[in-house]
Amino acid sequence: MPGKVTLHTYFRSSCSARLRIALHLKGIPYTPVYVNLLRNEQSTPAHLAINPSGTVPALVIQHETKKPVTINQSLAALEYLDEAFPEKGPALLPSDPETRATVRTLANIIACDIQPVTNLRILRRVGSLGADKNGWSKDLIVDGLRAYEAVVAGSAGRFSVGDQITLADLCLVPAAWGAERVGVDLGLFPVISGIVRNLEAEEAVKLGHWRTQGDTPEEFRVKE
């Protein structure tokens, strides 16, 4: 078991949500540190000392027998959790290289093609150029989801690759939430829609949802 685990997170950050879900899925308790991106708290000297990129998440693990580990990229952090704590929860990456490559391909469609165009820093810069930043982002999200749908059609079971949650799913479901917020109709992607429904029934996903976090504003919170 790790010692103290801290996650620097923001409720609407899709990259943070990947790690929130993974930690719940693996049963690893963690302490959240909330970083309000709208208030530019990601740019404070204190946060930059932890994450020089000025982004979230940042995963900090205090080990009992070795120096602390800080990981500032979500995919690297997910693979670290899988490799460092194999006894905790399901494996996020399959054991055979071919299936593992499929999982990584799907995860990278989200991480490389979709997430960057939803990044607040990028959207602010696009807006400063006078462009319709929301329309620009929505069109590129749709392009990325179209690619994901084409690939996942050949690998899906209940989830993106077979019937076990993988790293790909941890990337997909927060991206789907973000897509819906900007008006993307997930019904255009029937395989993705089915996978997301299955994921949203999982307790770890419910606990990691952007509407259930300690820093979620009251107007967005899930009502009991």
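Author: Before we start: the domain bounds used here come from an automatic or database domain assignment. This is a predicted model, where local features need pLDDT of at least 70, side-chain atom pairs count only at pLDDT 80 or more, and totals for chains, interfaces and linings use all residues. Residues are numbered from 1 along each chain as its sequence is written, and side-chain values use heavy atoms, with hydrogens and water left out.

Reader: OK, which domains is the protein chain divided into?

Author: Domain 1 covers 4-90 and domain 2 covers 97-207. Their centres, taken over C-alpha atoms, are 20 Å apart.

Reader: And how many residues are in contact?

Author: 19 residues of domain 1 touch 20 of domain 2, contact meaning heavy atoms within 4.5 Å.

Reader: What's the area buried between them?

Author: About 1,700 Å², with carbon and sulfur atoms giving 67% of that. Buried area is the accessible area (1.4 Å probe) that two parts lose on being put together, summed over both.

Reader: Which residues in domain 1 lose the most area?

Author: Arg18, Ile21 and Leu75, together 33% of what the domain 1 side buries.

Reader: Switching topic: how many salt bridges between the domains?

Author: The count is 1, a salt bridge being a side-chain nitrogen of Lys or Arg within 4 Å of a carboxyl oxygen of Asp or Glu.

Reader: Which helices supply the domain 1 side?

Author: Helix 1 (14-25) and helix 3 (74-84) each supply at least two residues there; helices are DSSP runs (H or I, at least four residues), numbered from the N terminus. Helix 1 gives the most, with 8 residues.
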